[in-house]
Amino acid sequence: MSNTNRYEPSKEHLLAIFHIFQYYFDKIFPNKHCYLCHQTSDTLVCEYCLTDTYLHLLPAPGHNLLENQSIVGNIVPPLYSGLYALSEYKGVVRALVNQLKFSGKTLAANVLAEFFEYYLGGKLNINQAIPEAVVPVPLSNQRHISRQYNQSRILSLELAKHFSINSDDLLLRTVNTKQQSSLDKNERMLNIRGAFKVAKPIDYLSIALVDDVVTTGATINEACKTILEHNPDIDISVWCMAITLK
Ligand SMILES: [Zn+2]
């Protein structure tokens, strides 16, 4: 007799089970070690790592990068009023983003949010650049299914906790676009066109779109366009963990 009815869990099922297990394990046994140096620590990032880890910080972190002409020259003309990034897409931040994105290490998002608040929080406060809510940029359905989670949403939830504001899923992805990484700036703009719709009415005066890495800004700009069509008066800024500098 053949075994055609035997249950064989797919890789996605196993990963989903693992994430659920990891979630409850972390609840029952809260992290007691620093994520970065593994020394005993009551916080996810120990004091030493928080202050002394070498990051490829951008000049004057917490200032609006749209005031920097060399950055503006490399991105799609922005529909948002502010761009705030923790670091260049290099070193520790690059490693953390990749752990979050490709290895299922969702705690990496907490670490990134810790650094973001530490280096940018005070400055954003002074510049009155703390929005009413953070909004994750949604992944295409295909990538969401294969990855099981949206890294921008996890980052958005973490940042919301750190800044005591809402994380609100205002956007939905409507079409599965090609992966942006293989495309140039103009191809990215065309590829992402019409990829979003709003999930609900938008009543906020100010929001920050959250994404892990900004390269040409084509995706966040399209997300802005979609939001502005529904609420032209809203102030949108972008909070990202890293930007790719040319
Ligand atoms: Zn440490």
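Begin by selecting Ala85, Leu112, Leu209, Val238, Met241 and Ala242, which touch the most other members of the largest nonpolar core, a set of 58 residues. Such a core consists of buried Ala, Val, Leu, Ile, Met, Phe, Trp, Tyr and Cys residues joined through C-beta atoms within 7 Å, where buried means that 20 or more other C-beta atoms, placed from the backbone, lie within 10 Å of the residue's own. This is a predicted model, in which local features need pLDDT of at least 70, side-chain atom pairs count only at pLDDT 80 or more, and totals for chains, interfaces and linings use all residues. Residues are numbered from 1 along each chain as its sequence is written.

Next, select helix α5 (residues 107-126) together with α7 (151-163); helices here are DSSP runs of H or I with at least four residues, and strands are E runs of at least two, numbered from the N terminus. Their axes, lines fitted to C-alpha atoms over the stretch in contact, come within 9 Å and cross at roughly 45 degrees. That angle makes α5 oblique to α7, since angles under 35 degrees count as roughly parallel, over 145 as roughly antiparallel, 65 to 115 as roughly perpendicular and the rest as oblique.

Finally, move to isoleucine 165, in the loop between α7 and β3 (166-167). With 18 C-beta neighbours inside 10 Å, isoleucine 165 counts as partly exposed, the class between buried and exposed, the latter meaning 12 or fewer.

Key. Axes fitted to C-alpha atoms, helices over the stretch in contact; angles between N-to-C directions.
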